[in-house]
Amino acid sequence: MDDSLVAALRTDGRMSVADLAKRAGASRSAVSARLEQLKADGSLSVVAAVHPEFLGLTAYAHLAIRTSGRSQATTEAIAAMPAAAFVSAVSGEYQTVAELRLPDSPELYRTVADIRGLPEVEQVNTLVYVDVVKGLFMPGRPLPPWLRLDDRDLAIMLRLQADGRESYASIAEHVGLSPSATRTRVRFLVEHDVIRIAPVLSRARPDAGLVCGIGLNVRGAGDSVTATLAARDDTEFLARTIGRFDVVATIAAQSARALDRALEEISGRPDVVTAETWVHLRIAKERYEWPLPTAEELARRQRPAGLSGSRS
């Protein structure tokens, strides 16, 4: 049942229990109880991630860090940095990998310099993202230029960052709207990619399986291999990059044998020149919530053109 529930929530994080039950082929009471159990033991949460553009984050990078020996202190120090969205201890030539999200390239450079200055760091290899092709919470398109939001939208987004399945009635009570008006606003935010509501699985759960990073050098633009990777169910993340790799991906598998088959299929393609892999041994940080702008900041940066009066 769990796999069916997660697959359904990935298509619609707020799918009703009735529809989830139909997808899973189980009763509504069984699905409701299982969701509560997964939430209570920390195995599953459903949260809203906000479009990076709305948060003012435009510079993304993947870092591979080599240390003098295996350094938990270095991994934890990077995880403590506000700009770090993902940090993991890994196998292979490097000991730690990290994903950074920052407002601009100068801040990215300064943050990488800070990491290079950590006591046990010997080398930092930086890949700059050109675009993110596939990611649970990374949108595939920019925000519409005419978009305007207000303080109630911000309040709704804040609630959904904590619990993407909070009821409309509960959200409405906290933001000062009716449940129907709240529903309209949430649907607007989702439809225009301002937020994306999806499940997050704990990597610490017993059946978490294996997670592997892969860096590819490809022939030409690599459009075919990128499209193929994006279509794979086991591809959790995929980005085109500038640096030592042309493409970086994250592959998930339930067993070493399944992971081996997946990597053979990917690296054996004729348009793949080289492939380098690393296994995530301990994920120190996986972050999806970011501080929202204040109502005053939002008002200052938005264009004067308004929306149609379709929202309450």
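1. Arg116 is placed over the face of Tyr109, at 5.5 Å from the ring centre. The model under discussion is predicted, and the points below should be read accordingly.

2. The structure holds 2 aromatic pairs. In one of them, Tyr129 and Phe237 are tilted, with 5.7 Å centre to centre and 45° between the planes. Tyr129 belongs to strand β5 (residues 121-135) and Phe237 to strand β8 (residues 235-242), so the pair ties together parts that are 108 residues apart in sequence. Tyr129 and Phe237 are both buried.

3. The rings of Phe245 and Trp278 have planes at 25° and centres 6.1 Å apart, so this pair is stacked. Phe245 is in the loop between β8 and β9 (247-253), whereas Trp278 is in strand β10 (residues 272-286); the pair therefore ties together parts that are 33 residues apart in sequence. Phe245 is buried, its relative accessible area being 3%. Trp278 also counts as buried, at 6% relative accessibility.

4. How many of the residues of β9 are buried? The number is 6 of the 7, so β9 is largely enclosed by the rest of the structure.

5. Strand β9 pairs with β7 and with β8. Strand β7 (residues 210-218) is joined to β9 by 7 bridges, and these two strands run antiparallel. Within this pairing, Val211 stands opposite Ala252 in β9. The pairing of β8 and β9 is likewise in the antiparallel sense, over 5 bridges. Here Phe237 stands opposite Thr250 in β9; Phe237 is also the partner of Tyr129 in the tilted aromatic pair.

6. His174 is part of helix α7 (residues 168-175). Why does His174 count as partly exposed? Its relative accessible area is 48%, and partly exposed residues are those between the buried limit of under 20% and the exposed limit of over 50%.

7. The side chain of His174 reaches the backbone oxygen of Ser170 at 2.9 Å. Leaving aside residues up to four places away in sequence, His174 touches Arg159 and Glu166. Between His174 and Arg152, the C-alpha to C-alpha distance is 9.7 Å, with a separation of 22 residues in sequence.

Definitions and conventions:
Residues numbered from 1 in each chain as written. Predicted model: local features only at pLDDT ≥ 70, side-chain atom pairs only at ≥ 80, totals over all residues. Heavy atoms only, no water. Helix = DSSP H or I, 4+ residues; strand = E, 2+ residues; numbered from the N terminus. Buried < 20%, exposed > 50% of the residue type's maximum accessible area, 1.4 Å probe, protein only. Contact = heavy atoms within 4.5 Å. Polar contact = N/O pair within 3.5 Å; in protein donor to acceptor, adjacent residues only side chain to side chain. Phe/Tyr/Trp six-rings, centres within 6.5 Å; stacked < 30°, edge-to-face > 60°. Lys NZ or Arg CZ within 6 Å of the ring centre and 35° of its normal. Pairing = 2+ DSSP bridges.
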